[in-house]
Amino acid sequence: METAIALSGVVKTFGNVRALDGLDLNVNRHEILGLLGPNGSGKTTLIRVIAGLLKTNAGEVRVLGSRMPNRRIAAKMGYMTQLAALYEDLTVRDNLVFFGRLYGLPKAEARKRAEEVTGLVSLRDKLDVPVRFLSGGTRQRANLAAALVHGPEILLLDEPTVGVDPKLRRGLWEHLYRLNAEGATIIVSTHIMDEAERCHRVAMIEQGKVIAVDASVELLARTGTANMEDAFLAFSEGKAAGAEEGMR
Amino acid sequence: MNMGRVFAIAGRIVTQFRRDKRTLGLIVLVPLLVMALMGYLISDDKEPIKAAFIQLDQGMESPLGRISLGDQLYRELGKQKGLTLVTYHTVAEAEKDVRHGKIQGAILIPAGLTNHLLSQEGGELSLIVKGTDQGTERIIQMSLAKALPVLARNKPGGAAGQSQIGIKITALLVKKSLTNIDYYAPVLIVGFAFFLIFLLTSISFLRERSSGTMERLSASPVTRVEVMLGYLLGFLVFALIQTLVVLGYAVWVLHAEVAGSILLVLAVLTLMVIGVVNLGITLSFLARNELQVIQFIPIIIVPQIFLGGLIWPLETLHPAFRYLAQFFPITHAVAALREIMLGGAGFADIQGRFYALLAFAVLMILFGAGTLRKQQG
């Protein structure tokens, strides 16, 4: 299988805190990989490192074969931050056109794409509403649209479903599957254990390290547990069968 | 009403500010700084300004000895605290130094003044000034006003009054007689532009960080230079609109003088705005919220207004302050605008100011770029 993202021995420290502590991870092309871990385990740092936003202290980060940070590669990635990072006074359309143009789309193309992606996340009717008038859920969809507007090959989503109601969460996942079917590689972080089961593979992260990575059914089978929460605890305490193998 | 709740709110406010050391420091330091500066600026304890004294009057022989009113005036003016006299021999030489700002004015005692005055014909002495610096001109005029009555009293033949001694003022650079409006219009234009652009840039950059859009910009292929140029162009539009409004009001409603080129005025302001946009970017990085941006105002703007020669002439300030003022962009912008608007100066006349603003802009761009680099961890 083709590798989209490869991290080896990545260390990132903030002062005394080792946010990433010798982390290894491979992400395959066209897969949906879930990053599962409690708050503060290093998920956001990992995503930011992949996005080329942080310089690492040690190790190597390669995306589509190139070392990050790299502007050419950055243009092929879409990054959805935890908070809805949009300009409050601009309308949804203004925001989308702006971000499209930042990624190098010509103005007319950016306008066309803005309409396309709002269709994709069912936001067509909110196109000309200033972002400050949007409710939490619609805001999050607009946020996703902003990460999609330039048609990225790789999508980095940092806790996209935080504070989102169940109906909308299901909707968001439908969008992700559709994008994935069209060829996008998607990395999505979450601290909600059950949500991880929706991903093709799950990387469990604790204290800046990957403690296991596999398909969720495999993770359950290897630990002999019934749910992801128990599986996570089992890997965390080193009780799982073939835990070392999971490091790969 | 429950006083417990009232005290809970009051207590919370006190605790919040106790935790916010920067605000606490400013509450104490800002008034002290402002009062210390004000106290100094309005005191008489200032540096004297320099003026040329050109004596062309030979005086007059009398039974009591030679009388020279020029010499008497020289002595009287010498007693004035605000003024230092430098003797010049020719008018041309003095005019040249006035033009270049080496001296702030020249007092000319014309030939035959003593004769004319003593023979009750009346006479006139000449004051030559640049014309673009009201502050220093006022000091020379006030010194003359104090010295002349003494002269009249000393005149043999009784108190004929000083009315006989007139002062003819020649402004070298300025054609019409200037009003306060003319003099302060450049201050308003520069002050508004600096203040508005500083506030707008630092707050919108702060929002860019706190709303997470900065993160999104950094993740995109956009470069630092592109971000800086974009900000610059965006804010330049507003700076220019504002400048045109302020300038338009000053010219058409207040009838302020614009002797020189409007384009040169805009060029000077553009250069300053480039610096200020980057200053805003840099300082927004040091602020956590809007309140802390506002707190930069007394530190960034007040000293420039007080010590930049806007109200109190630079020449009267302590040498240390004068030196400091050379690092203030507002000093150079206002001086350049005064020379252009009041004195009709061209680029050659204000190059020094222009390059000082250029240096400010370049320095701030470097700081701004450094800030953005830091932003990217």
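In this predicted model, 17 residues of chain A are in contact with 13 residues of chain B. On the chain A side, two helices, α2 (71–74) and α3 (92–102), each supply at least two of the residues that touch chain B. Sort that side of chain A by class and you get 13 nonpolar, 2 polar and 2 charged residues.

Stay with chain A for a moment and look at the loop between β5 (66–67) and α2, which is where Pro69(A) sits. The peptide bond leading from Met68(A) into Pro69(A) is cis, with omega near -5°. That's worth a second look, because most peptide bonds are trans, and most residues other than glycine have a negative phi. Glu159(A) isn't a glycine, yet its phi is positive, at about 45°. You'll find Glu159(A) in the loop between β7 (154–158) and α6 (166–181) of chain A. Is Glu159(A) buried or exposed? It counts as buried, because 22 C-beta neighbours fall inside 10 Å and the cut-off for buried is 20 or more. Gln207(A), another residue other than glycine, also has a positive phi, near 45°. Its place is the loop between β9 (201–206) and β10 (209–214) of chain A. With 15 other C-beta atoms within 10 Å, Gln207(A) comes out as partly exposed.

Helix α7 (residues 216–223) and helix α8 (residues 228–236) of chain A pack at an angle of about 60°, their axes 9 Å apart. The two helices are therefore oblique to each other, and their crossing is left-handed. From α7(A), the residues Ser216(A), Leu219(A), Leu220(A) and Thr223(A) meet Met228(A), Asp230(A), Ala231(A), Ala234(A) and Phe235(A) of α8(A). By class, this contact has 6 nonpolar, 2 polar and 1 charged residues.

Now over to chain B and its sheet. Here 5 strands form an open sheet in the order β4-β1-β5-β6-β7, with mixed pairing. Which strands stand at the edges? They are β4 (83–88) and β7 (165–171), and each has a single partner strand, so one side of each is left without a neighbour in the sheet. Ignoring direction, neighbouring strands are turned by 25° against each other on average.

How many of the 7 residues of β1(B) are buried? The count is 6, so the strand is largely enclosed by the rest of the structure.

Helix α4 (residues 91–99) lies across β1, β4, β5 and β6 (123–129) of chain B, and runs at about 160° to β5(B). Gly70(B) is buried, with 23 other C-beta atoms within 10 Å. Leaving out residues up to four places away in sequence, Gly70(B) touches Gln55(B), Asp57(B), Ile109(B), Leu113(B) and Thr114(B). For a sense of scale, the C-alpha atoms of Gly70(B) and Phe347(B), 277 residues apart along the chain, are separated by 39 Å.

The last stop is a helix pair in chain B. Helix α7 (residues 180–210) and helix α11 (residues 290–300) of chain B pack at an angle of about 150°, with their axes 10 Å apart. That angle makes α7(B) roughly antiparallel to α11(B), and the crossing is right-handed. Phe198(B), Ser202(B), Ile203(B) and Leu206(B) come from α7(B), and they meet Glu290(B), Val293(B) and Ile300(B) in α11(B). The residues of this contact divide into 5 nonpolar, 1 polar and 1 charged.

Terms used: Residues numbered from 1 in each chain as written. Chains lettered and ligands numbered in written order. Predicted model: local features only at pLDDT ≥ 70, side-chain atom pairs only at ≥ 80, totals over all residues. Axes fitted to C-alpha atoms, helices over the stretch in contact; angles between N-to-C directions. Helix = DSSP H or I, 4+ residues; strand = E, 2+ residues; numbered from the N terminus. Parallel < 35°, antiparallel > 145°, perpendicular 65-115°, else oblique. Left-handed = near helix turned anticlockwise from the far one by under 90°. Contact = placed C-beta atoms within 7 Å. Nonpolar A, V, L, I, M, F, W, Y, C, P; charged D, E, K, R; others polar. Pairing = 2+ DSSP bridges. Buried ≥ 20, exposed ≤ 12 C-beta atoms within 10 Å, placed from the backbone.
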